[in-house]
Amino acid sequence: MIYLDNAATTRVRQEVLDKMLPYLTDFYGNPSSIYALGREAKKAIEDARAKVAAALSADKNEIYFTGSGTEADNWAIKSAALSYAGKGKHIIASQVEHHAVLHTCEALKKEGYEITYLPVDEYGIINPGDLEKAIRPDTILISVMFANNEIGSIQPVKEIGRIAREHKVLFHTDAVQAAGHVPINVNEMNIDMLSLSGHKMYAPKGIGALYAKQGIKLAPFIHGGAQERKKRAGTENVANIAALGEAISLIVSEMDGEAAKAEKLRDKLINGILTEIPHARLNGSAKSRLPGNVNISFEFIEGESLLLLLDMKGIAASSGSACTSGSLDPSHVLMATGLKHEMAHGSLRLTIGKYNTEEEIDKVLEELPPIVKRLRDMSPLYEQYIKDNIKDKKEGK
Ligand code: PLP
């Protein structure tokens, strides 16, 4: 199988598995227990916290473990809403956020909060000028993702942080796709809250983290015991936490080399597809783009059919966000970039990870063009396009 869906999830890497397994077998103590077995578990959590903090240039006390990236997004936004309601009830987010952010904002809307969704340009990137104009005296939070999960566009995070700081508004960024793939420094970028997730960086599913800057008001998210400094109760998932610490520390130490490798494969894939297949368009920015993201729309075909035929060839890809598959609506991200419905429906996302090879990319470039051709040959829209084209040529248009 050729796995090209690393933005959906990644395989747990061996070093990470080796790190986490002892906490399921030998050191299975409850981290709240005072005997040695418990203390070992507690130590693993604190080691992992230090590693996550180091990866973001944050302080250890600013890291809270969560059950997922989704939970970290929910926590950041709901906490800001709850803690700063005295100042106002206005939140700014972008139109291309992940549903973990968008649906949290929609839930708050029902509670009386007002949300401004910033538009994006054709590359999926917000205009900092629009952000500045949208800020009001009652704005309490700006939530703009670091990098997009569908089209890989990287937002001008430092600029957003500067604007947020200048206007004394909290800035949260969903860095689930960015963490470990592009450099992040929460202080230099003026980030107040940041969400990340383990399973996008070769740790298991079901573990995430929230960075919350010292001094900001962070409301408790889950009530119960005293875990996570009384803010996120529940016996800690020690093995997964240890895994996240190991995974983030490894991925950050390897970032430069891995990014260069992924970019090379990405650009080969993009150029190969655009050269070989007519009526195809790159979605997202060519420059401000995650190293491993390829997202291309093909006219006259359905992304879902493309996925099925690729699957029959052993190629795992995505037609958008895995979280939205099962829905027939076109991707809100592609629509926000101004893509027509038909083009948004014909999109293919291929995301490269550390285990992909050049041979695999060559194989995709060999398999994809005939699949697209086959689907177009069955498409009434394509047939009509060809007929119109012949007619136009005859008429000398
Ligand atoms: N935010 C972004 C940008 C994502 O891509 C995802 C997952 O795809 C999430 C949040 C949710 O993370 P998790 O799967 O850990 O809940």
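A crossing of two helices is called left-handed if the near helix is turned anticlockwise from the far one by less than a right angle, and right-handed if clockwise. In this predicted model, local features need pLDDT of at least 70 and side-chain atom pairs count only at pLDDT 80 or more, while totals for chains, interfaces and linings use all residues. Residues are numbered from 1 along each chain as its sequence is written, and side-chain values use heavy atoms, with hydrogens and water left out.

The crossing of helix 3 and helix 9 is left-handed. Helix 3 (residues 36–56) packs against helix 9 (residues 238–253) at an angle of about 30 degrees, the axes lying 8 Å apart; helix 3 is therefore roughly parallel to helix 9, a term for angles under 35 degrees.

Strand 3 (residues 90–94) is mostly covered, five of its five residues being buried, that is, under 20% relative accessible area with a 1.4 Å probe and protein chains only. His90, Ile92 and Ser94 point one way from the strand, whereas Ile91 and Ala93 point the other way. Strand 3 runs parallel to strand 4 (residues 114–118) and is joined to it by five bridges, with leucine 118 as the bridge partner of serine 94.

Asparagine 190, in the loop between strand 6 (170–174) and strand 7 (193–197), counts as buried because its relative accessibility is 17%.

Conventions: Axes are lines fitted to C-alpha atoms, for helices over the stretch in contact, and angles run from 0 to 180 degrees between N-to-C directions. Helices (H or I, at least four residues) and strands (E, at least two) are DSSP runs, numbered from the N terminus. Angles under 35 degrees count as roughly parallel, over 145 as roughly antiparallel, 65 to 115 as roughly perpendicular and the rest as oblique. Buried means under 20% relative accessible area, exposed over 50%, partly exposed in between (1.4 Å probe, protein chains only). Two strands pair if DSSP finds at least two bridges between them.
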